[in-house]
Amino acid sequence: MSPILKISNLSKVYDSGFQALKGIDLEIERGELFALLGPNGAGKTTLISIICGIVNASGGSVTVDGHDIARDFRAARAEIGLVPQELTTDAFETVWATVNFSRGLFGKPKNHAIVEKVLKDLSLWDKRDNKLITLSGGMKRRVLIAKALAHEPRLLFLDEPTAGVDVELRRDMWRVVRRLQETGVTIILTTHYIEEAEDLADRVGVINDGEIILVEDKIELMRKLGRKQLILHLSDPLEAVPETLAERGLELGQNGETLVYTYDTQAERTGITALLKDLHAAGIRFRDLQTRQSSLEDIFVNLVKAPS
């Protein structure tokens with residue numbers, strides 16, 4: 001089955017000369033939830049804006065469900081729903097009118113049953129007659145999602161959708177996202193809450209300085225790049241790591257009460273046995289130990305941090 005989104009050698013250079021995107025190649029499979037991660041200014045929003053027809057590319061091509069976004073813009077855009085970062089809404093319209101209007105923009109016939117379902121799924125039904133100006137920031141964010149879903153898109157972009165939303169609303173939104181994916185909607189998510197990507201995504205892409213530096217199945221990514229830490233809770237605090245243990249790469253933490261040893265789970269040998277022997281020889285005793293697996297956030301930080 002062909003990918004729902006195919007991006008080939010996509011580039012963007014602004015009039016100022018700034019190159020926001022540099023030869024992006026990316027394919028998104030139907031029905032997956034893809035998390036696009038990157039620091040501020042990495043090119044995430046520019047990439048989404050080009051796909052959605054808001055910004056013109058300088059080079060390359062994008063097809064959505066087989067429709068080229070330049071040659072067959074109307075058909076391509078009809079397949080896309082976009083939830084932008086900014087809360088851009090007509091403040092004096094009602095929720096019901098706003099969502100119905102968004103459906104009409106894509107040439108879809110009136111269908112109150114679909115709009116009603118979208119509003120109920122997003123816990124907006126009891127707010128349908130409220131003007132947007134009266135809603136909280138979290139509710140306005142939900143209205144943006146409802147607008148994006150009103151024309152029944154097959155590809156949904158969520159650009160920082162939970163920014164400024166409280167924890168309870170955020171959880172409600174992700175329940176909606178999961179249900180959408182179950183119905184076959186393909187979802188591309190950008191977020192600063194990396195734990196959300198770790199919980200929801202099937203695959204993860206990392207963009208930095210206008211380039212895709214990694215695309216990987218989330219589980220495989222964590223297997224390949226993840227590290228484990230052995231945390232030793234010492235019986236007696238240390239002021240510094242002894243010179244005899246310097247080559248072990250140990251870190252002293254919690255006011256000298258812990259030693260942290262980081263190792264590669266995929267290595268032939270972890271070095272833990274030798275470390276414990278060296279600790280015994282140095283007269284360092286510990287009362288407890290535990291291990292901690294790297295999170296997706298740890299991996300992301302290591303991928304995009306500037307070289308020293």
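Biologist: How many helices and strands does the chain have?

Modeller: This is a predicted model. The C-alpha atoms of the chain fill a box of roughly 80 × 45 × 40 Å along the principal axes. Within the chain, the count is ten helices and 14 strands.

Biologist: Of the contacts between residues at least 6 apart in sequence, what percentage join residues at least 24 apart?

Modeller: The chain has 308 residues, of which 43% count as buried. Among contacts between residues at least 6 apart in sequence, the share that joins residues at least 24 apart is 70%.

Biologist: In the open sheet of six strands, which are the edge strands?

Modeller: The order of this sheet is β6-β7-β8-β3-β9-β10, with mixed pairing. Neighbouring strands are turned by 15° against each other on average, direction ignored. An edge strand pairs on one side only, and the two that do so are β6 (80-83) and β10 (211-217).

Biologist: Are α5 and α6 roughly parallel or roughly antiparallel to each other?

Modeller: The axes of α5 and α6 are 11 Å apart, and the helices pack at an angle of about 10°. Angles under 35 degrees count as roughly parallel. The angle between α5 and α6 therefore makes them roughly parallel.

Biologist: How many charged residues are in the contact of α5 with α6?

Modeller: From α5, the contact takes in G138, R141, R142, I145 and L149. From α6 come L169, D172, M173 and L180. These residues divide into five nonpolar and one polar, while the number of charged ones is three.

Biologist: Is the crossing of α3 and α5 left-handed or right-handed?

Modeller: The axes of helix α3 (residues 95-105) and helix α5 (residues 137-149) come within 7 Å and cross at roughly 30°. In this contact V95, T98, V99 and S102 of α3 meet V143, A146 and K147 of α5. Four of these residues are nonpolar, two polar and one charged. The crossing is right-handed.

Biologist: How is α3 placed against α4, oblique or roughly parallel?

Modeller: α3 and helix α4 (residues 112-121) have axes 11 Å apart. They pack at an angle of about 120°, and their crossing is right-handed. Because of this angle, α3 counts against α4 as oblique.

Biologist: Is N100 buried or exposed?

Modeller: N100 is found in helix α3. Not counting residues up to four places away in sequence, N100 touches H112 and V115. Residues under 20% relative accessible area count as buried. With a relative accessible area of 17%, N100 is therefore buried.

Biologist: In the open sheet of four strands, which residue of β4 stands opposite I7?

Modeller: The order of this sheet is β2-β1-β4-β5, and the pairing is antiparallel. Helix α1 (residues 44-51) packs on the sheet, touching β1, β2 and β4. Five bridges join strand β1 (residues 5-13) to strand β4 (residues 59-64). In β4, the residue opposite I7 is V62.

Biologist: How does S8 count by relative accessibility, as buried or as partly exposed?

Modeller: S8 has its place in strand β1. Leaving aside neighbours within four places in sequence, S8 is in contact with I24, D25, G60 and S61. The limits are 20% for buried and 50% for exposed, with partly exposed in between. S8 has a relative accessibility of 25%, so it counts as partly exposed.

How values were computed:
Residues numbered from 1 in each chain as written. Predicted model: local features only at pLDDT ≥ 70, side-chain atom pairs only at ≥ 80, totals over all residues. Heavy atoms only, no water. Axes fitted to C-alpha atoms, helices over the stretch in contact; angles between N-to-C directions. Left-handed = near helix turned anticlockwise from the far one by under 90°. Contact = heavy atoms within 4.5 Å. Nonpolar A, V, L, I, M, F, W, Y, C, P; charged D, E, K, R; others polar. Pairing = 2+ DSSP bridges. Buried < 20%, exposed > 50% of the residue type's maximum accessible area, 1.4 Å probe, protein only. Parallel < 35°, antiparallel > 145°, perpendicular 65-115°, else oblique.
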